Amino acid sequence: GIRDREVRQSALALAALARELRSRAIYDGTLQGLVLNPSENTIQASAGKRILLSDEAKISAIDGGEPMGQGSRRFLFFPNGSTVGGEIGISGREGLAYTVRLQPLSGRVEVVKGGRR
C-alpha cells in the first residue's frame, strides 16, 4: 500500500544520498559526511540540506557511525571510496522495515527489505 511505498522511498532516498556522497568523496578527493538524526527523523549531507523523512517512515535503528550528540550519528565517506560501515533501519508503523547497509571497505550501499538481523 501507500505506507509501504513511503517506507521504501525513504530507504531509497537515504541510499541515494549515501551513494552521492561516496561519489563526491572520490571525485572531489574530500571527506564527506552523512548525518542522521533519529529524534528529528532527518538525514543530511554535512554541507547540504536536511531531508525530513515521511511521517510514515522513521529512522528506527543505527549501527555504526560516530555519535554527534543529541542522538545524531555521522557516517563518513573517504576519497578512496571506503566508508565507515554500518546499518540504518527505516521502519513504518505497520512493522514494515528496510535496512540500508554501508559496506566499510567497498563503500557499497545496499537496501535490504526487513529489519536488521
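Student: In which helix is the place of V7?

Tutor: In this predicted model, V7 has its place in helix α1.

Student: Why is V7 called buried?

Tutor: Buried means under 20% relative accessible area, and V7 has a relative accessible area of 2%, so V7 is buried. Across the protein, 44% of the 117 residues count as buried.

Student: Which other residues of α1 are buried?

Tutor: Besides V7, the buried residues of α1 are S10, A11, L14, A15, L17, A18, L21 and A25. As a general point, an α-helix has 3.6 residues a turn, so residues three or four places apart point the same way.

Student: What does V7 touch beyond its neighbours in sequence?

Tutor: Leaving aside residues up to four places away in sequence, V7 touches E56, A57, I90, S91, G92, L96 and Y98.

Student: How do you know that the length of α1 agrees with that of a helix?

Tutor: The 27 residues of α1, at 1.5 Å a residue, should span 39 Å, and because the end C-alpha atoms are 38 Å apart, the two values agree. After α1 comes G29, whose phi is positive, near 65 degrees.

Student: What makes a set of residues a nonpolar core, and how many residues has the largest one here?

Tutor: The residues must be buried, must belong to a list of nonpolar types that includes Ala, Val, Leu and Ile, and must be joined through side-chain atoms within 4.5 Å; the largest such core has 25 residues, and those with the most contacts inside it are L34, L36, I88 and I90. At least two residues of this core are supplied by each of α1 (2-28), β1 (32-37), β2 (42-45), β4 (57-64), β6 (72-77), β7 (86-92) and β8 (97-102), and the largest share, eight residues, comes from α1.

Student: Why are β3 and β5 said to stand at the edges?

Tutor: In the open sheet of five strands, the order is β3-β2-β1-β6-β5, with antiparallel pairing. Because β3 (50-52) and β5 (66-69) each have a single partner strand, one side of each is left without a neighbour in the sheet. The twist in this sheet averages 25 degrees from one strand to the next.

Student: What is the strand order of the open sheet of four strands, and how many bridges pair β4 with β7?

Tutor: The order is β4-β7-β8-β9, with antiparallel pairing, and the edge strands β4 and β9 (109-113) each pair on one side only. Seven bridges pair β4 with β7 in the antiparallel sense, and G64 has G86 as its bridge partner in β7.

Student: Where does α1 lie?

Tutor: Helix α1 lies across β1, β2, β3 and β6, and runs at about 155 degrees to β1.

Student: What makes the radius of gyration of the protein agree with that of a compact globule?

Tutor: A compact globule of 117 residues would have a radius of gyration near 13 Å, and the protein has 13 Å, so the two agree. Along the principal axes, the C-alpha atoms fill a box of roughly 40 × 25 × 20 Å.

Conventions
Residues numbered from 1 in each chain as written. Predicted model: local features only at pLDDT ≥ 70, side-chain atom pairs only at ≥ 80, totals over all residues. Heavy atoms only, no water. Buried < 20%, exposed > 50% of the residue type's maximum accessible area, 1.4 Å probe, protein only. Contact = heavy atoms within 4.5 Å. Pairing = 2+ DSSP bridges. Axes fitted to C-alpha atoms, helices over the stretch in contact; angles between N-to-C directions. Expected span 1.5 Å × (residues − 1). Rg over C-alpha atoms; globule rule 2.2 N^0.38 Å.
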